[in-house]
Amino acid sequence: MHGMLRAIRLLTVTFSFMFVSLGSPSLLAGIHRAPIIIPAKKMKDIADYPVKNYRLYRTDVHGVASPIPFQIDEVNKIGDYVMPDGPTPNIKTGDGVFNESDELSFMGDDVGDAVRPKSWPDNKVPENVYELKLTPPSGRDPVKDEVREGAVYIAVFNQNPPPISDQKYVVFSLANGEVVTSRYRYRFDKKNYLVVNGVDMSPPVKDKASPAPSQVPLIDSSTFYAKADLKYFLTVQVNHRSVNSKLEAYKAGPIRTIVRVTFFYTFLKLNFEVGMYTEVSFFSNSVILPAIIYNPLDGIKSLNKGSGFYYGFAMTDSPRKYQFDTNMRPYQELVDAEANLFSFLKKDVPVEKDYWASLIGDDRMMYIMLKPSATMLQDRNVPYYFVSDKSGPELKSRDNNLMKPILESPVNFGLYFDLTRFREGEHFMSFQLFFENKKDYKILDVFRNLDKWRARLSKVSGTP
């Protein structure tokens, strides 16, 4: 199995479950509402200690340190996350030391003031303390619209470290096939983990004394479908019901749950295998899916126009009810181009570094970001968006088990790729989906600029 390509940036986001005391991120400070993921190789000064020896703190204006939830996820030598649970765990491939590609993650909500610690819980002073300063682009906090620098303090205890914070932002249940966070509930389709059986948004709690409001359905289901019209041969159709899916392993932590899933498809006795391998990360307000897709065909040489692939959602409300914005081109534009006899001469498809779409409602936001591989961009293999006026209830009469093109499927919002631009071989893509249970344009700016934040590490106390 190939090692996982990670769309690792300095700062990224994703989403996440069962009713266990799901803590809401602290509202006292915080520089943004996104998760922060930093690999050990970016923080070599604090690396090479046993994973169990680390703790994370924030401080207030007086320098009083408070523990915050965090997790360290080990990445083994072939690039896979080390996961202790599931049918085929690989816990033995980890060395128990924070180094190389291992990742430290915590929530941006928990970042405190850049004030060095003066007092510690129970007066237990760490042997080594490192300050990790986080600064928004141009030094300006995009949420509070003010110049502000936050920090967390990474403590390394040589022995007898204090208990880890018991607060959890993400809870996963394999038995129920669910991920639940303070912002939503995500239900897996157990027959194929690439699609969902629903996503419900959790409205914000305005009064802690009042009962929690009922969850609001956001997505009813999702679907994928591919049609490969082979030149001089036959047409192959595939959807989520014809692809085998297997959950191999998982790790459930307080900041994120990571699930490793493989997909496999074989057409009759032909040597036609489509494989996909991914490790999905669920955070409290987002999902990150960096995937390796193996394509056995050279679409440029082997496929007729009209061959395509889409992944789509049946959103409960029609996307037309949202404020919709994107840098992608509409699916209809591709259809019109394919109908043009001379469309094969057109080379003017614009290429972006990444592709995004935002759907903003009165009390919710959904933001999607897709990063195609360098090879895909070179071939101008870019996504197109599809939007329909139909609502989720209107789409329920369409059988989600049937193989249908996007116009006839139970989809009112989707992403479409032209398979004639897919070369043979492995393709690496990163798909990120963000959910927020409030309307705030400044939070969208945070999502769009996650890779532009700066982090600076320095030692502030302890033995040399």
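Author: This is a predicted model. Let us start with a pair: the side chains of Glu-178 and Arg-185 come to 2.9 Å, N to O.

Reader: Why is the meeting of Glu-178 and Arg-185 called a salt bridge?

Author: The cut-off is 4 Å between a side-chain nitrogen of Lys or Arg and a carboxyl oxygen of Asp or Glu. The N to O distance here is 2.9 Å. That is within 4 Å, so the pair is a salt bridge. Glu-178 and Arg-185 are both buried.

Reader: What makes Lys-371 and Asp-354 a salt bridge?

Author: Their closest N and O atoms are 2.7 Å apart. The limit is 4 Å, so this pair passes too. The pair links distant parts of the chain, 17 residues apart. Lys-371 sits in strand S25, residues 365-371. Asp-354 lies in the loop between helix H2 (331-339) and strand S24 (355-360). Both Lys-371 and Asp-354 are buried.

Reader: Arg-364 and Asp-363 also meet in a salt bridge, at 3.0 Å. Why is Arg-364 called buried?

Author: Buried means under 20% relative accessible area. Arg-364 has 10%, so it is buried.

Reader: And why is Asp-363 called partly exposed?

Author: Its relative accessible area is 38%. Buried needs under 20% and exposed needs over 50%, so 38% falls in between.

Reader: How many salt bridges are there by this rule?

Author: The count comes to 19. Some share partners: Asp-73, Glu-103, Lys-251 and Arg-256 are joined into one network.

Reader: How do you know that Val-156 is buried?

Author: Its relative accessible area is 0%. That is under 20%, so Val-156 counts as buried. Val-156 is found in strand S10, residues 150-156.

Reader: Which residues is Val-156 in contact with, leaving aside neighbours within four places in sequence?

Author: Among them are Tyr-49, Asn-53, Tyr-54 and Pro-126. Tyr-49 is 107 residues away along the chain, yet the two C-alpha atoms are separated by 7.8 Å.

Reader: What makes up the largest nonpolar core?

Author: It has 74 residues. Leu-218, Ile-219, Met-315, Met-366 and Phe-435 have the most contacts inside it. Strand S15 (residues 216-229) gives the largest share, six residues. Apart from this core lies another, of 23 residues, including Tyr-54 and Ile-68.

Reader: Which residues does Met-366 touch, not counting those up to four places away in sequence?

Author: Leu-218, Ile-219, Met-315 and Phe-435 are among them.

Technical notes:
Residues numbered from 1 in each chain as written. Predicted model: local features only at pLDDT ≥ 70, side-chain atom pairs only at ≥ 80, totals over all residues. Heavy atoms only, no water. Core = buried A, V, L, I, M, F, W, Y, C linked by side-chain atoms within 4.5 Å. Buried < 20%, exposed > 50% of the residue type's maximum accessible area, 1.4 Å probe, protein only. Helix = DSSP H or I, 4+ residues; strand = E, 2+ residues; numbered from the N terminus. Contact = heavy atoms within 4.5 Å.
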